[in-house]
Amino acid sequence: MSTELFRQMQEYFMHHLRLMHYPVAIRYIFEQEALDRFKRDVPHYVPGKALTFCQAEIGARMEGLTVLMEKDRLGCANAKFVFGWKGLDEAEIKSHMKYVRDMDQAEAFVRSKPRLPEGKLVAVVVSPLADAFAPPHVVHFYCDNMQAYHLAVDWMSAMNVHPLKPSMTMNSAACGGNVQAYNTASMNIFLACSGSYNAGKTERGEINVAIPGEQLVLVMERLKKRVDDQGGASITRPGQPFPGADICKNCPLITFKKAGAEEAQA
């Protein structure tokens, strides 16, 4: 994928799906040499203070920034566990007690989270898709119900997979949900967790959609074919430009006709 293609994909998805946020390109960096090259060659920002991963994504999806997140700037123990930057310990288990019945269940649930290989990740970079410095491992969309539906339908069609089987953990939504997509090479849809809801600023009820980066062009091709063939992105009302137009199907009251049609017939 070229950087020009990333820019085109961002513009296309934002225009036809009416996205409010930039799609977030996520790149996991596993080699120190690659991190050194990134720091030298790519203009970027770093957190002024330790942030959660979902807070780092705010810079990418709302402010259009390329943000480098290293271990010492990640202020979220749950995300550190998911990224393989810390092991399982009693503190991590206890931090999940508000969700579960007892310590045994807390430990079992933490152990079942998607994780990157422990000690392998060097850094993670998030940026608007248009500014991706390298092919993203995962592209993370913050979107509403119908935007998520259109992405899911197009992904299932493009990848010939049905039904889609989302994976959701009780916390670690943004960090774990994207790692799940990376580990499985499959689209993931998941809700905000308690942390990404408040710290990660998802109070508008956004739904998270994570798509492996190499598959995104196939999803765009499905969307583009529908736009070219029918004149609009909508699946719920074919031919209409707004994805998920909120009009009852076949409602006899909500209809429109071209002005002057009655006069011409008379």
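How exposed is glutamate 70? At 21% relative accessibility, glutamate 70 counts as partly exposed, because buried requires under 20%. The model discussed here is predicted.

## Salt bridges

The count of salt bridges comes to 14. Glutamate 70 pairs with lysine 39, and their closest N and O atoms are 3.2 Å apart. Strand β2 holds glutamate 70 and helix α2 holds lysine 39, so this pair ties together parts 31 residues apart in sequence. Lysine 39 is partly exposed, with a relative accessible area of 38%.

Aspartate 154 and arginine 226 form another salt bridge, with 2.8 Å between the closest N and O atoms. Aspartate 154 belongs to helix α7 (residues 145-159) and arginine 226 to helix α10 (residues 216-230), so the bridge links parts that are 72 residues apart in sequence. Both residues, aspartate 154 and arginine 226, are buried. Shared partners also join Glu4, Arg7 and Glu11 into one salt-bridge network.

Aspartate 89 meets lysine 86 at 3.4 Å, N to O. Aspartate 89 is partly exposed at 33%. Lysine 86, at 17% relative accessibility, counts as buried.

## Aromatic pairs

The structure holds 7 aromatic pairs. Phenylalanine 13 and phenylalanine 141 make an edge-to-face pair, 5.5 Å centre to centre with 75° between the planes. Phenylalanine 13 sits in helix α1 (residues 3-16) and phenylalanine 141 in strand β4 (residues 138-143), so the pair connects parts 128 residues apart in sequence. Phenylalanine 13 and phenylalanine 141 are both buried.

Phenylalanine 30 and tyrosine 182 have ring centres 6.3 Å apart and planes at 25°, so they are stacked. Phenylalanine 30 lies in the loop between β1 (24-29) and α2 (32-41), and tyrosine 182 lies in helix α8 (residues 173-184), so this pair ties together parts 152 residues apart in sequence. Phenylalanine 30 is partly exposed at 25% relative accessibility. Tyrosine 182 is partly exposed too, at 29%.

## Charges over rings

Arginine 61 lies over the face of tyrosine 142, at 3.8 Å from the ring centre. Arginine 115 lies over the face of phenylalanine 81, at 3.9 Å from the ring centre.

## Nonpolar cores

The largest nonpolar core has 30 residues. Ile26, Tyr28, Phe53, Leu74, Phe83 and Val126 have the most contacts inside it. The elements giving two or more residues to this core are β1, α3, β2 (67-70), α4 (77-82), β3 (123-128), β4 and α8. Helix α8 gives the most, with 5 residues.

Isoleucine 26 touches Phe53, Val124, Val126, Val138 and Asn178, among others, not counting residues up to four places away in sequence. A second, separate core has 29 residues, including Tyr12, Ala132, Val139 and Trp155.

Histidine 16 lies in helix α1. At 14% relative accessibility, histidine 16 counts as buried. Beyond residues up to four places away in sequence, histidine 16 touches Leu223, Val227, Ala233, Pro241 and Pro243.

Note on methods
Residues numbered from 1 in each chain as written. Predicted model: local features only at pLDDT ≥ 70, side-chain atom pairs only at ≥ 80, totals over all residues. Heavy atoms only, no water. Phe/Tyr/Trp six-rings, centres within 6.5 Å; stacked < 30°, edge-to-face > 60°. Helix = DSSP H or I, 4+ residues; strand = E, 2+ residues; numbered from the N terminus. Buried < 20%, exposed > 50% of the residue type's maximum accessible area, 1.4 Å probe, protein only. Lys NZ or Arg CZ within 6 Å of the ring centre and 35° of its normal. Contact = heavy atoms within 4.5 Å. Core = buried A, V, L, I, M, F, W, Y, C linked by side-chain atoms within 4.5 Å. Salt bridge = Lys/Arg side-chain N within 4 Å of Asp/Glu carboxyl O.
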